[in-house]
Amino acid sequence: MTIRASYERHPDLGCEAVVFIDDESLACFQIQRDLTGGPRADEHCVTTGASAPIYGGIVEWRRVEDRFEFSLTRRAGHLFGDEVLSFEISPVDEVSVDDIAAHVDRLLR
């Protein structure tokens, strides 16, 4: 299973996101945050890309080489089918795993 990871910044929507997409199922896990000055710029949210956002949905995360592991709140766990998501990533668009990890760290601060 390959999970593609990318960073997106959308000034027109007022947010930035790290997007993880499963190549096989096309399932999506996004971590989003409003840009500085936005109404909820002080907290992250998670979404499937089509679902309503769940604010504060990630309790903690860690990286083990190219594998990312996320502990989710109960509510976010219901949305994604489990309270723990763990997957190996493959970055897209000339971005490294380190770059994706740095974006995740920043969005979750």
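Student: Happy to start with the pairing: which residue of β3 stands opposite V19?

Tutor: Good place to begin, and keep in mind that this is a predicted model. β2 and β3 run antiparallel and are joined by seven bridges. In β3, the residue opposite V19 is Q30.

Student: And which residue takes a positive phi in the hairpin of β2 and β3?

Tutor: Look at the link between these strands, which has five residues. The phi there is near 65 degrees, and the residue that takes this positive value is L26.

Student: How many of the eight residues in β2 are buried?

Tutor: Buried here means under 20% relative accessible area. By that cut-off β2 is mostly covered, and the number of its buried residues is seven.

Student: Now the largest nonpolar core: which element gives the most to it?

Tutor: This core has 23 residues, and F20, F70 and V104 are among those with the most contacts inside it. F70 itself touches F20, F29 and V104, among others. Several elements each supply at least two core residues, including β2, β3, β7 and α2. With five residues, the element that gives the most is α2.

Note on methods. Residues numbered from 1 in each chain as written. Predicted model: local features only at pLDDT ≥ 70, side-chain atom pairs only at ≥ 80, totals over all residues. Heavy atoms only, no water. Core = buried A, V, L, I, M, F, W, Y, C linked by side-chain atoms within 4.5 Å. Buried < 20%, exposed > 50% of the residue type's maximum accessible area, 1.4 Å probe, protein only. Helix = DSSP H or I, 4+ residues; strand = E, 2+ residues; numbered from the N terminus. Contact = heavy atoms within 4.5 Å. Pairing = 2+ DSSP bridges. Lists of a residue's contacts leave out its neighbours within four places in sequence.
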